[in-house]
Amino acid sequence: MKLGAFSISLAVKDIHKSKAFYEKLGFTHKGGNIDQNWLVLKNGDAVIGLFQGMFEDNIITFNPGWDGNAQNLDEFDDVRAIQEHLKSLGVELTKEADTSTEGPEHITLTDPDGNTILIDQHR
């Protein structure tokens with residue numbers, strides 16, 4: 001099962017302070033719009049998203065169809081196939097993908113420690 005690009009989506013209180021802090025750690029702007037309260041920052045292979053006012057907790061994020069630079073992959077496992085596989089293993093999903101559609105869709109699940117996992121396909 002190929003989950004795609006990995007990142008941590010951080011729920012931040014002040015996106016400007018968080019951006020300045022992570023820039024001190026060597027992260028640089030990769031995408032997003034600070035005026036919309038979200039940014040994607042990168043340092044080597046490490047990718048973090050900063051999100052102000054969009055969700056309460058940090059989220060482990062995977063993006064099927066993308067590599068670590070948000071570039072499209074020729075081959076990837078569709079989120080609906082990932083969903084089917086996880087369900088066959090008895091994994092409970094908190095949000096399921098609509099299997100009657102194609103293209104962008106997402107699923108969510110929670111690990112045993114209460115961490116939210118988002119598998120978010122953009123294409």
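Ile-119 is buried: its relative accessible area is 3%, and the cut-off for buried is under 20%. The model that shows this is predicted. The residue sits in strand β8, which spans residues 116–121.

**Around Ile-119**
- Some contacts of Ile-119 reach beyond its neighbours within four places in sequence, among them Leu-3, Phe-62, Pro-64 and Val-79.
- Ile-82 and Leu-86 also touch Ile-119.
- Further contacts of Ile-119 are Glu-105, His-106, Ile-107 and Leu-109.
- Thr-108 lies 11 residues from Ile-119 in sequence, and their C-alpha atoms are 6.3 Å apart.

**Fold**
- Two helices and eight strands make up the elements of the chain.
- Read from the N terminus, their order is β-α-β-β-β-β-α-β-β-β.
- Take the contacts in the chain with a separation of 6 or more: 48% of them join residues 24 or more positions apart.

**Size and packing**
- Along the principal axes, the C-alpha atoms fill a box of roughly 45 × 30 × 25 Å.
- Buried residues are 34% of the 123 in the chain.

**Surface and charge**
- The chain carries 20 negative and 11 positive side chains.
- The centres of these two sets are 8 Å apart.

Terms used:
Residues numbered from 1 in each chain as written. Predicted model: local features only at pLDDT ≥ 70, side-chain atom pairs only at ≥ 80, totals over all residues. Heavy atoms only, no water. Helix = DSSP H or I, 4+ residues; strand = E, 2+ residues; numbered from the N terminus. Buried < 20%, exposed > 50% of the residue type's maximum accessible area, 1.4 Å probe, protein only. Contact = heavy atoms within 4.5 Å. Lys, Arg positive; Asp, Glu negative; His and termini not counted. Charge placed at Lys NZ, Arg CZ, Asp CG, Glu CD.
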